[in-house]
Amino acid sequence: MRLPIAILLALVLFFGSTAAVLAQDKPVIKQVPIKDAPADSGAKMFAAYCAVCHGERGKGDGPAVAALKRPPGDITMLARLNKGKFPAIRVHQILAGKAEITAHGTSDMPMWGELFATLNPTDGARVQQRVHNLTKYIEFLQVK
């Protein structure tokens, strides 16, 4: 009877240690301070702030996807999923940090409005410009 228990214990230890090694191999998202991308360019802000998770074209295939709890959605499909109308107000609210993203479960996505405010602490209009131009660029990315 002791032999099967020893084999079971060996298997548990082997698979447990293998799982620990695999967990160590999972990439970790490195948090760095936000860099200033031009507020007047939605494309440049998307490349600087969003593409790492959402991918260059917004398909949800950025290089950080492997480190996320849940992969980001394909944001090029927002209009199609909303009966052909781009949900600009909703996207604006999400980017400003005024709406939760239920699809994310936990909030892996940064609250960009708060981060943008750190770039221009005394210029609320600049924060709004960033959110507006980023929203317009995401609208531009929509599948036609």
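In what follows, a residue counts as buried under 20% relative accessible area and as exposed over 50%, with partly exposed in between. The model is a predicted one. The protein contains six helices and zero strands, in the order α-α-α-α-α-α along the sequence.

**Overall composition**

- Of the 144 residues in the protein, 31% are buried.
- The accessible surface amounts to about 9900 Å², and carbon and sulfur atoms account for 63% of that area.
- Among contacts between residues at least 6 apart in sequence, 51% link residues at least 24 apart.

**Nonpolar core**

- The largest nonpolar core has 23 residues, and those touching the most other members are Phe 46, Tyr 49, Leu 95, Trp 112, Phe 116, Leu 134 and Ile 138.
- Two or more residues of this core come from each of α2 (42-54), α4 (88-96), α5 (112-119) and α6 (124-140).
- In soluble globular proteins, nonpolar side chains tend to be buried together.
- Leaving aside residues up to four places away in sequence, Trp 112 is in contact with Ile 34, Tyr 49 and Leu 95.
- Phe 116, one of the core residues named above, also has the charged end of Arg 130 over its ring, at 5.7 Å from the ring centre.

- Val 91, Ile 94, Leu 95 and Ala 96 are the buried residues of α4.
- The cover over these buried residues includes α3, α5 and α6.
- Ile 89 also belongs to α4, but Ile 89 is exposed, at 64% relative accessible area.
- The C-alpha atoms of Ile 89 and His 132 lie 9.8 Å apart in space, while the two residues are 43 apart in sequence.
- Lys 83 is located in the loop between α3 (78-81) and α4, and has a positive phi of about 55° although it is not a glycine.
- The relative accessibility of Lys 83 is 84%, so this residue counts as exposed.
- After α4 comes Gly 97, which has a positive phi near 85°.

**Aromatic pairs**

- Five aromatic pairs are found in the whole structure.
- In one of them, Tyr 137 and Phe 140 are tilted, with 5.7 Å from centre to centre and 35° between the planes.
- Tyr 137 and Phe 140 are about one helical turn apart, because they are three residues apart in helix α6.
- An α-helix has 3.6 residues a turn, so residues three or four places apart point the same way.

**Buried polar side chains**

- Asn 133 lies in helix α6 and is buried, with 17% relative accessibility.
- A polar atom of the Asn 133 side chain is 2.8 Å from the backbone oxygen of Ala 39.
- Beyond residues up to four places away in sequence, Asn 133 touches Ala 39, Asp 40, Ser 41, Gly 42 and Met 45.
- His 54 lies in helix α2 and is likewise buried, with a relative accessible area of 11%.
- The side chain of His 54 reaches the backbone oxygen of Gly 73 at 3.4 Å.
- With residues up to four places away in sequence left out, the contacts of His 54 are Phe 46, Lys 59, Gly 60, Asp 61, Gly 62, Pro 72, Gly 73 and Ile 75.

Conventions
Residues are numbered from 1 along each chain as its sequence is written. This is a predicted model: local features need pLDDT of at least 70, side-chain atom pairs count only at pLDDT 80 or more; totals for chains, interfaces and linings use all residues. Side-chain values use heavy atoms; hydrogens and water are left out. A nonpolar core is a set of buried Ala, Val, Leu, Ile, Met, Phe, Trp, Tyr and Cys residues joined through side-chain atoms within 4.5 Å. Buried means under 20% relative accessible area, exposed over 50%, partly exposed in between (1.4 Å probe, protein chains only). Helices (H or I, at least four residues) and strands (E, at least two) are DSSP runs, numbered from the N terminus. Contact means heavy atoms within 4.5 Å. Accessible areas come from the Shrake-Rupley method with a 1.4 Å probe; for residues, only the protein chains shown count as cover. Rings of Phe, Tyr and Trp (its six-membered ring) pair if their centres lie within 6.5 Å; planes under 30 degrees apart count as stacked, over 60 as edge-to-face and the rest as tilted. A charge sits over a ring if NZ of Lys or CZ of Arg is within 6 Å of the ring centre and within 35 degrees of the ring normal. A polar contact is a pair of N or O atoms within 3.5 Å; within protein, one must be able to donate a hydrogen and the other to accept it, and residues adjacent in sequence count only if both atoms are side-chain atoms.
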